[in-house]
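Morning, everyone. Please look at the sequence and the model on the screen, and we will walk through a sheet, a disulfide and a loop.

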Amino acid sequence: QVQLVESGGGLVQAGGSLRLSCAASGRTFVTYAMGWFRQAPGKERGFVAAITWGGGSTFYADSVKGRFTISRDSDKMYLQMNSLKPEDTAVYYCAHARAPYGAGIGDLRRYDDWGQGTQVTVSS
């Protein structure tokens, strides 16, 4: 079991920036990848970005490429969000995947543990 706590959400104007953080605790030595998902009102939870822990390979949804950057250290993960748009408004969730196999890296079924979410609101 891995416990995940997100922070860094808030209210920002369009064009602005935020940095989200995810602090992990527990059995963090059984990590293959961690990722960020988001869910807007009335929408399904969708993939934003992911990073593998061993090799540091990164993956991004098309909608955030060139604007968001995912990074990590030994027990934390970050999402730097630049050039924010109103359509980025959502609750952002940190997620943890134990196994190096299973569903695709952008499939929420791939992930075993989830944080509580942090609200990001982008005003126009």
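First, some terms. Helices (H or I, at least four residues) and strands (E, at least two) are DSSP runs, numbered from the N terminus. Two strands pair if DSSP finds at least two bridges between them.

Now, what are we looking at? This is a predicted model: local features need pLDDT of at least 70, side-chain atom pairs count only at pLDDT 80 or more, and totals for chains, interfaces and linings use all residues. Residues are numbered from 1 along each chain as its sequence is written, and side-chain values use heavy atoms, with hydrogens and water left out.

Let's start with the sheet. It is open, has four strands, and runs in the order S1-S3-S8-S7 with antiparallel pairing. Strand S1 (2-7) and S7 are the edge strands, each pairing on one side only. From one strand to the next, the twist averages 15°. That angle is taken between axes, which are lines fitted to C-alpha atoms, for helices over the stretch in contact; angles run from 0 to 180 degrees between N-to-C directions.

Now pair by pair. S1 and S3 run antiparallel and are joined by six bridges. Look for Val 2, which stands opposite Gly 26 in S3. Next, S3 (residues 18-26) pairs with S8 (residues 76-81), again antiparallel, over six bridges. Here Ala 23 faces Lys 76 in S8 as its opposite residue. Then comes S7 (residues 68-72), antiparallel to S8, with five bridges. Thr 69 stands opposite Gln 80 in S8. S7 and S8 form a hairpin, with three residues between them.

What holds such strands together? Strands of a sheet pair through backbone hydrogen bonds, either parallel or antiparallel.

On to the disulfide. The rule is a pair of cysteine sulfur atoms within 2.5 Å. By that rule, the count is one disulfide. Cys 22 and Cys 94 form it, with their sulfur atoms 1.9 Å apart. The pair links distant parts of the chain: Cys 22 lies in strand S3 and Cys 94 in strand S9, 72 residues apart. The torsion about their S-S bond is about -75°, so the disulfide is left-handed.

Buried or exposed? Buried means under 20% relative accessible area, exposed over 50%, partly exposed in between (1.4 Å probe, protein chains only). Both Cys 22 and Cys 94 are buried.

Last stop, the loop. Glu 87 sits between S8 and strand S9 (90-97). Glu 87 is exposed, with a relative accessible area of 58%. The C-alpha atoms of Glu 87 and Ser 123 are 9.4 Å apart, with 36 residues separating the two along the chain.
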